[in-house]
Amino acid sequence: VRLTPRLRIMKNKKTATGRERTTVGLIVIGDEILKGGTQDTNSFFISQRLRDRGVILKKISVVGDGIEEISDEVLSFSSRFDLVFTTGGIGPTHDDNTFSGIAKAFEDELYLCDEIVHAINTFIPSKSKNPQASPFRERRDSFVSKLATIPRSSTLLWGERDGNRSLFPVVKLNNVIALPGVPAFCRRAFMDLENELFPSSSIEAPFSRVLFSSKTEFSFSDRLSKVAKMFEESVEIGSYPVLDNNYFSTKLTIDSESTVEGEKAVMELKKIIGDNLVIYDDFPHLKTVEKWESLRDRLKEDPNGGVFLSKLDRAMEIVEKQLEEYSMDQIALSFNGGKDCTVLLHLLRIAIDKKYGPRTKMFGFHIMVEDQFPEMSQFIIDVSSSYSIDVIEYSGPLKEGLVSLQKDRPSTVAVLMGSRSSDPKGKYMKSPVEWTDRDWPRLLRVCPILEWSYSDVWKFLRALCVPYCKLYDEGYTSLGGRTTTRKNEALKVVNERTNEVMYHPAFKLKEDDLERNGRELNGDVIKSSI
């Protein structure tokens, strides 16, 4: 049951200066989409690009490969919207019927376009030493003929990228533009054409904001409805529940042609959300230096932020010193997917971005335990790509794993670790930077967050929306192997009515000394462990 309004269609579709906004319809073509054999990603991409351009996407339709289906939808969309895009149905096979469907819609005939034939031969040159030979020649002729047969009245749009003309044209008939269905080709074609179709000089971006709340929409639905009613003539307000995000529960969108009215609506919504407002970032691994400085500025303005700011600066100072003293092939991150080393992953990413630039590769290693949680393994895989880190796995125990590391990567000197003084092994470290003991592989142990508390770790992760292993949202506060780790009883909640047992997420734990409440420790703690 929806208690809050979805996006309303504003009565005024003009920009703030009175200019009519361009409207677009999108037709996705393909039996494979309707049958669930292929997932459509083109519509998601195009809708985002159009929104960035201040263009209104009014409707998305999916039709099969039949010529009649395509023709009927094209004719309908063409009469209703300023511009129509189709995706899919362009290719050399019998079921690629987009050009035939468009031609039928406008009562046009098909012909073999010499320009496209030339483009195909340039883009896909013959690999045969004897192109006259059969059956190769017959197959190639059929391939070229199908791709290059288009409506006679159509025009070719040659996009542009980096000042150069695109290699392959896009077909346009009246106000209908046919894009390829293969996502990589579709995206490239659209991006090559978008400056021509939607010049930046003609763009008036509408007011658009997104707010996030840690509370569900049901907790403030009545007040939200009142605000939506208050601005119904000038602002679109959308409320969307989110179940799979560990930072927020409700996403609110605010769109308007009037910046003044939009800002007013945002202020009213912030009053409703109150302390539950979440500063959320979908891409914490991008623009890390800028976001780091923003966090520092917020802490400077916070009367209670001074102590944590000092810890942040000290940790970053330690990381940056290693980058000054050692090259990238001498530095490694010990990364097992836990919360503490995840903090180190992000700190290192910031420091490297600052010194060497974004996307500079990092090196990490992970010493496996026999009964590791599969969720932790998956988390390591997931963040490796976004954080641009290569993680090598070694078998344990720890000492043997480090021997293998030095054998594979003898240049390694400094190993960054997420150890803290409250850890069973971290308490033996006298300073954040120490060499290993003599009977261990010679490595420099670097522990920038040695003096951080459990609360500090979560304060950092949550402040920058750093991704973390989902087990921490299921009641685990300290992760080891599956046989030695259980959910923390301090986070346990029992529903009085149903007796259902649930657990709060790890960041809700208030007593830092209960962090390892769910761990069964082996009493043989090795002092010299890394």
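A residue counts as buried when its relative accessible area is under 20%, as exposed when it is over 50%, and as partly exposed in between (1.4 Å probe, protein chains only). Helices (H or I, at least four residues) and strands (E, at least two) are DSSP runs, numbered from the N terminus. The model is predicted, so local features need pLDDT of at least 70 and side-chain atom pairs count only at pLDDT 80 or more, while totals for chains, interfaces and linings use all residues. Residues are numbered from 1 along each chain as its sequence is written, and side-chain values use heavy atoms, with hydrogens and water left out.

Helix α4 (residues 98-105) is largely enclosed by the rest of the structure, because 6 of its 8 residues are buried. These are Thr 98, Phe 99, Gly 101, Ile 102, Ala 103 and Ala 105. After α4 comes Glu 107, which has a positive phi, near 50 degrees.

The protein as a whole has 15 helices and 22 strands. Of its 530 residues, 46% count as buried. The C-alpha trace spans about 80 × 70 × 50 Å along its principal axes. Contact means heavy atoms within 4.5 Å. Among the contacts with a separation of 6 or more, 74% are between residues 24 or more positions apart.

Two helices illustrate such contacts. The axes of α11 (residues 306-325) and α15 (residues 454-463) come within 11 Å and cross at roughly 80 degrees. These axes are lines fitted to C-alpha atoms, for helices over the stretch in contact, with angles from 0 to 180 degrees between N-to-C directions. Angles under 35 degrees count as roughly parallel, over 145 as roughly antiparallel, 65 to 115 as roughly perpendicular and the rest as oblique. The two helices α11 and α15 are therefore roughly perpendicular to each other. From α11, Phe 308, Lys 311 and Leu 312 meet Asp 456, Lys 459 and Phe 460 of α15. Lys 459 also lies over the face of Phe 308, at 5.0 Å from the ring centre. A charge sits over a ring if NZ of Lys or CZ of Arg is within 6 Å of the ring centre and within 35 degrees of the ring normal. Elsewhere, the charged end of Arg 442 sits over the ring of Trp 435, 4.3 Å from its centre.

Rings also pair with one another. Those of Phe, Tyr and Trp (its six-membered ring) pair if their centres lie within 6.5 Å; planes under 30 degrees apart count as stacked, over 60 as edge-to-face and the rest as tilted. By this rule there are 16 aromatic pairs. Phe 248 and Tyr 280 are edge-to-face, because their ring centres are 4.8 Å apart and their planes are at 70 degrees. Phe 248 is in the loop between β12 (235-241) and β13 (250-256), and Tyr 280, 32 residues apart from it, is in the loop between β14 (277-278) and α10 (288-301). Both Phe 248 and Tyr 280 are buried. Phe 335 and Phe 379 form a tilted pair, 6.3 Å centre to centre with 45 degrees between the planes. Phe 335 is buried, with a relative accessible area of 0%, and Phe 379 counts as buried at 7%.

Arg 165, in strand β8 (residues 164-165), is exposed, with a relative accessible area of 55%.
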